[in-house]
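These are my notebook entries on a structure I looked through, kept in the order in which I looked things up.

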Amino acid sequence: MIMAIRHLLLIAALTAAPSVAAQSKAPAAAPNTVKMDLAAADAIRSMLDGTFDEGHIAMLQALGHQQAVAATCTGFEIDPKAFSNEFDLVYDDSSGKPRSLDSSQRTELERKATLALGMAFGAQIAISANDHQAFCQAASEERSSGKAAHLIWAK
């Protein structure tokens, strides 16, 4: 299941990235976009060093992507309550049960989750720069499909 989530996230990232729409305009954009997304995902995993499972990582990447869309595309806003509900998943273990954390563990968990979120956001901002119009169009399609997980965009 964890690998399935990673594959779904990668598909969502590739859908949200300008790769498919941009291929007719700039064939070289797709491989660069994929490389950028994979490099960011690898960096996030490395930095987290086992703190979170693949489901958590996929969620943080999805949140970063959606924040980048909201920051760069018209018609997208973040729903603060939806964001909080999704981000709070970092406090649960892989089975969905709350982790037992003392104050310093909670602080460290939040620090790593926030850093991962920022890395995902920055990577998606860079990816959007390849073809901003295609990036925003793909996000519109993603939102209307109803298939994306961890949606935090205001309705």
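Entry 1, overall fold. I read the protein chain along its sequence and found the pattern α-α-α-α-α-α-α, with 7 helices and 0 strands in the chain; helices (H or I, at least four residues) and strands (E, at least two) are DSSP runs, numbered from the N terminus. I noted that this is a predicted model, in which local features need pLDDT of at least 70 and side-chain atom pairs count only at pLDDT 80 or more, whereas totals for chains, interfaces and linings use all residues. Residues are numbered from 1 along each chain as its sequence is written, and side-chain values use heavy atoms, with hydrogens and water left out.

Of the 155 residues in the protein chain, 40% are buried, where buried means under 20% relative accessible area, exposed over 50%, and partly exposed in between (1.4 Å probe, protein chains only). The accessible surface of the protein chain comes to about 8,200 Å², and 58% of that surface belongs to carbon and sulfur atoms; the areas come from the Shrake-Rupley method with a 1.4 Å probe, and for residues only the protein chains shown count as cover. I then looked at contacts (heavy atoms within 4.5 Å): among those between residues at least 6 apart in sequence, 77% join residues at least 24 apart.

Because 15 of its 19 residues are buried, H4 is largely enclosed by the rest of the structure. At the start of H4, I found a side-chain oxygen of Asp 53 within 2.9 Å of the backbone nitrogen of Gly 55. Glu 54, which lies in H4, is buried with a relative accessible area of 17%, and its side chain is joined to that of Arg 45 by a polar contact of 2.8 Å. A polar contact is a pair of N or O atoms within 3.5 Å; within protein, one must be able to donate a hydrogen and the other to accept it, and residues adjacent in sequence count only if both atoms are side-chain atoms.

Asp 49 is exposed, with a relative accessible area of 63%.

Gln 124, found in helix H6 (residues 103-130), is buried at a relative accessible area of 5%. Leaving aside neighbours within four places in sequence, I found Gln 124 in contact with Asp 37, Gly 64, His 65, Ala 68 and Phe 135. Ser 140 lies in helix H7 (residues 132-145) and is partly exposed, with a relative accessible area of 30%; the C-alpha atoms of Ser 140 and Val 69 are separated by 9.5 Å, although these residues are 71 apart along the chain.
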